[in-house]
Amino acid sequence: MTDASINASTVSAQPCADEASFGDYFALLKPRVMSLVVFTALVGLLAAPVPVHPFVGFCAILFIAIGGGASGALNMWWDADIDRIMKRTRRRSIPSGKVDAGEALAIGLTLSGLSVIMLGLATNWLAGAFLAFTIFFYVVVYTMWLKRLTPQNIVIGGAAGAFPPVIGWVAATGSMTLEPWLMFALTFMWTPPHFWALALFMRSDYDDAGVPMLTVTHGRRATRWHILVYTGLLALLAVGTAFSGIGGPIYLTVAIVMNALFLRGAWQIARRTEDDSEADNFKAERAFFKLSLLYLFLHFGAILLEALIKPFGLGGWS
Amino acid sequence: MSLRKSHELHQRRFSRNLGVGLTLAAFIVIIFGLTIVKVSGTSLGLPTQEVQN
């Protein structure tokens with residue numbers, strides 16, 4: 001997009017089907033991932049025991065979301081080569097040829113700087129620093145360094161996705177306590193079983209791209225058992241969180257029900273053979289993946305509900 | 001040759017230009033709103049301990 005491109009003498013009169021629309025640039029920010037970031041950051045912000053002005057709170061969530069989106073754009077810039085190979089990602093803006101990789105880099109860097117500065121100005125610089133670290137962690141540590149190096153890539157990448165509730169909490173309080181780290185741990189421990197289930201039924205994608213997914217390096221049987229082990233650890237953490245400052249009877253009920261269902265799903269996956277999965281087109285794995293989305297939503301929803309009813313003398317254990 | 005308003009390029013890039021324009025307008029509103037909130041020093045008047053229990 002240079003000045004030359006808008007010179008009338010060089011512009012084709014024919015409509016260009018491949019020309020990027022605003023939506024193609026917006027898609028660089030991974031809106032679906034952004035929705036998770038918005039929700040968990042909002043829960044972190046509202047669960048914090050410090051009132052935030054609604055407009056400042058809105059801006060904090062917006063800039064956290066933009067920061068998350070910026071890291072998504074930088075991820076797409078770096079991973080354009082493997083996105084072209086994988087079925088799931090080949091329609092993204094860069095592999096489809098609608099947006100140049102350089103444009104994605106420029107948008108990612110600009111929005112990263114903007115979001116960090118604006119979050120710092122709107123709330124506090126500790127929150128800004130946490131957002132900057134999250135972007136750095138996702139782009140440099142996960143995307144550039146470890147994603148193509150270790151089968152534990154998903155575990156490490158999960159840490160980046162787990163930061164938003166911590167940033168939301170810090171944006172409200174300006175300080176750090178145990179509770180936001182429990183929310184961090186919940187998302188962190190949830191990510192591996194969530195993605196490994198996806199890797200089981202999107203089998204050829206990661207293999208073809210040469211990304212060292214656990215399914216490729218350690219085999220699919222080992223992946224099934226990894227899902228069960230991580231789900232067990234997650235259940236302990238999720239139920240234990242009920243007895244912290246962000247928990248309460250509502251959260252405990254949700255945690256018990258959802259973790260029982262999640263453990264049941266993980267156990268089914270662990271017991272199945274590849275033939276079983278092939279026979280029903282990975283029905284159990286797909287169901288587990290869908291359940292994982294509901295799992296995280298309901299846990300954070302329960303934390304939010306406990307926080308919202310606290311001012312009325314309800315919620316929590318007191 | 002200068003661009004006329006009705007040039008095909010304008011139609012082709014209308015959604016992109018509109019999106020950028022609205023984004024910039026929203027950014028101005030946010031900066032203005034944040035300035036008002038910060039200058040007026042509104043903290044909702046709620047003491048922290050009240051909310052904590």
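In this predicted model, chain A reaches an average pLDDT of 90, and 94% of its residues score at least 70.

Within chain A, helix α5 spans residues 101-122 and includes A:Ser115. The relative accessibility of A:Ser115 is 0%, and this residue is therefore classed as buried, the limit for that class being under 20% relative accessible area. When neighbours within four places in sequence are set aside, the residues in contact with A:Ser115 are A:Phe63, A:Ile66, A:Gly67, A:Leu131 and A:Ile135.

Helices α7 (residues 153-162) and α8 (residues 164-173) of chain A pack with their axes 5 Å apart and at an angle of about 30 degrees; because angles under 35 degrees count as roughly parallel, α7(A) and α8(A) are assigned to that class. To this contact α7(A) contributes A:Ala160, A:Gly161 and A:Ala162, while α8(A) contributes A:Pro164, A:Pro165 and A:Val166. By residue class, the contact of α7(A) with α8(A) comprises five nonpolar residues and one polar residue, with no charged residue taking part.

Chain B contains three helices and zero strands, so that its elements, read from the N terminus, follow the order α-α-α. Of the 53 residues in chain B, 19% are buried, and the accessible surface of this chain amounts to about 4,100 Å², with 66% of that area belonging to carbon and sulfur atoms.

Terms used. Residues numbered from 1 in each chain as written. Chains lettered and ligands numbered in written order. Predicted model: local features only at pLDDT ≥ 70, side-chain atom pairs only at ≥ 80, totals over all residues. Heavy atoms only, no water. Helix = DSSP H or I, 4+ residues; strand = E, 2+ residues; numbered from the N terminus. Buried < 20%, exposed > 50% of the residue type's maximum accessible area, 1.4 Å probe, protein only. Contact = heavy atoms within 4.5 Å. Axes fitted to C-alpha atoms, helices over the stretch in contact; angles between N-to-C directions. Parallel < 35°, antiparallel > 145°, perpendicular 65-115°, else oblique. Nonpolar A, V, L, I, M, F, W, Y, C, P; charged D, E, K, R; others polar. pLDDT = per-residue confidence, 0-100. Areas by Shrake-Rupley, 256 points an atom, 1.4 Å probe, with all protein chains shown as cover.
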